[in-house]
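Reader: I am new to this structure and would like to learn how to read it. Could you show me, starting with the ligand?

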Amino acid sequence: MADRRQVLVAGAGPVGLMMTAELRRYGIDVRLIDKAAQPTQTSKALVVWSRTMELLDRAGCGGAFLAAGMKARGGGMFSGRERLATLDVRAVDSPHPYALMIAQSETERLLAEHLDRLGGRVEREVELTGFSQDESGVQATLRHADGTAETIGADWLIGCDGAHSTVRHRLGFAFEGETLESDWILADVHLHGPDVVSDEIRIYWHADGVLAFFPITPGRFRVIADLGETPPGAAGRPDPTLADVQALLDRRGPGEIVAGDAIWLSAFRINERKVASYRGGRAFLAGDAAHIHSPAGGQGMNTGMQDAANLAWKLALVIRGEGRDGPLLDSYSDERSAVGDLVLRNAGAMTRVALLRNPIVQSIRNFVVSHVTRLSPVQQRMAEQITELDIAYPGSPLSVGGGHRMPGSLQADLRIGGGNLPRLTLLHPHRHAIAGLAADWPGLVQALEAAVERPTLVRPDGYIALETEDFAAITGYLAALAGPGARTK
Ligand SMILES: Cc1cc2nc3c(=O)[nH]c(=O)nc-3n(C[C@H](O)[C@H](O)[C@H](O)COP(=O)(O)OP(=O)(O)OC[C@H]3O[C@@H](n4cnc5c(N)ncnc54)[C@H](O)[C@@H]3O)c2cc1C
């Protein structure tokens, strides 16, 4: 008998792991496969930003990340030894006002351990080779390490299978965008020197190009630098040597910094691509399968993990029969595709500013950045953007109350996640006033007493769905969301 699951997740990178763990937490029967024999051994994405930490708290594994990572206060922009600008994230309104520096290999290890505690696991060396779908579900074909093929049925398929996504190809979705015409190198090395600090990301703008240091663990850093335009017709540059990296440090850095103990040296190019829709019937895309962009801002993995948090509660509600497919599952693509566009735009702008080569334009850039970023509204705006705390869903059909995240203090209250049920939470200063209303749909909403001005309906991912004194509006909202199997009193 072919295996039959509620959900099949293809790809066990950070996004597939987060997706599967969230679905498991909500009691969904999910299978997670990955074609690779091993999890990633390289550091890749290094920063977990505040908003992702908040979602990891809700998921129940924020503490493990905090214990394993290293806090940084933000970023500094330099020209040689001169500090042009500082981006300090310590004042953001979040229980996690910092950048958590942690190698992606560690992030994946912690998520896999979290998944294990929830009774899930990664099936390795199992590749999704294709799928078909109709109204009743998805038929997927898998290839095992020994070459055997397997067919599996699932109600839903989620492609977390990275930049070369099989799910995306099979859906026939275009990955629109471009490959930037510049070559880059990265190096994971130990750095020693007077200006080496472990609690700040440092970016050096030099006439030749950009150089950046990301702390990973005390003394260990990711160094990134651009090498200028790709020579015409070139297939790609070779991986750098430690001597190449040292030469870049000497030329573009503050001086007296010595690199050693190379762990990973690689050349890379930047792709900026995205799909138009994250949903194709019963199949969804999340993470790099849906959007890839410049590492400037370190938001690729964070955005993908937040895709997972967005889809998991909606899909869980629908699978449990408590929520309705249309409004919930279509809103995943509406909400996250808009965020993907924004992240692509911001990361692209940061990259292009760093790549400016004209000396006059460079000095104007340095002058403007050093003055404008001193303004406190600009600091606040930039800090909220980089930490992804400014992400909101104002245009979403699910957002009648603005779609903004709950303020930090309430956000920290994990009860607002509805525990391990994918429920919305209705907050009211006097719980008894709304208890009856919540009891009408116990699988869809819970009532909590909280210091809010007006009754507030909060989604499981912490965004405000609706804020109103009008009980009929709350009832109407819930009725529109309630699925065919929603339990009623
Ligand atoms: C060299 C490098 C440096 C990077 N640096 C940064 C950085 O500094 N900051 C940042 O934010 N991001 C960075 N990134 C990007 C970041 O690593 C990605 O955004 C992140 O890994 C995306 O996670 P994901 O789970 O969507 O995809 P992936 O991590 O790519 O995981 C996809 C998984 O799917 C599996 N898979 C693929 N096809 C199939 C299939 N058909 N069947 C089964 N399994 C399949 C793969 O084996 C893989 O495990 C970097 C990436 C690279 C390559």
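Author: Gladly! A residue counts as near a molecule if one of its heavy atoms lies within 4 Å of it. By that rule 27 residues surround the ligand here, and the closest are Asp34, Gln104, Leu128, Thr166 and Asp288. This is a predicted model, in which local features need pLDDT of at least 70 and side-chain atom pairs pLDDT 80 or more, while totals for chains, interfaces and linings use all residues. Numbering runs from 1 along each chain as its sequence is written, and side-chain values use heavy atoms, without hydrogens and water.

Reader: Which domains does the shell around the ligand draw on?

Author: Domain bounds come from an automatic or database domain assignment. Domain 1 (3-46 + 103-175 + 275-355) and domain 2 (177-272) each give the shell at least three residues. The assignment also lists domain 3 (408-481).

Reader: How many residues of domain 1 are in contact with domain 3?

Author: Contact means heavy atoms within 4.5 Å. On that basis, 14 residues of domain 1 touch 13 residues of domain 3. The centres of these two domains, taken over C-alpha atoms, are 28 Å apart.
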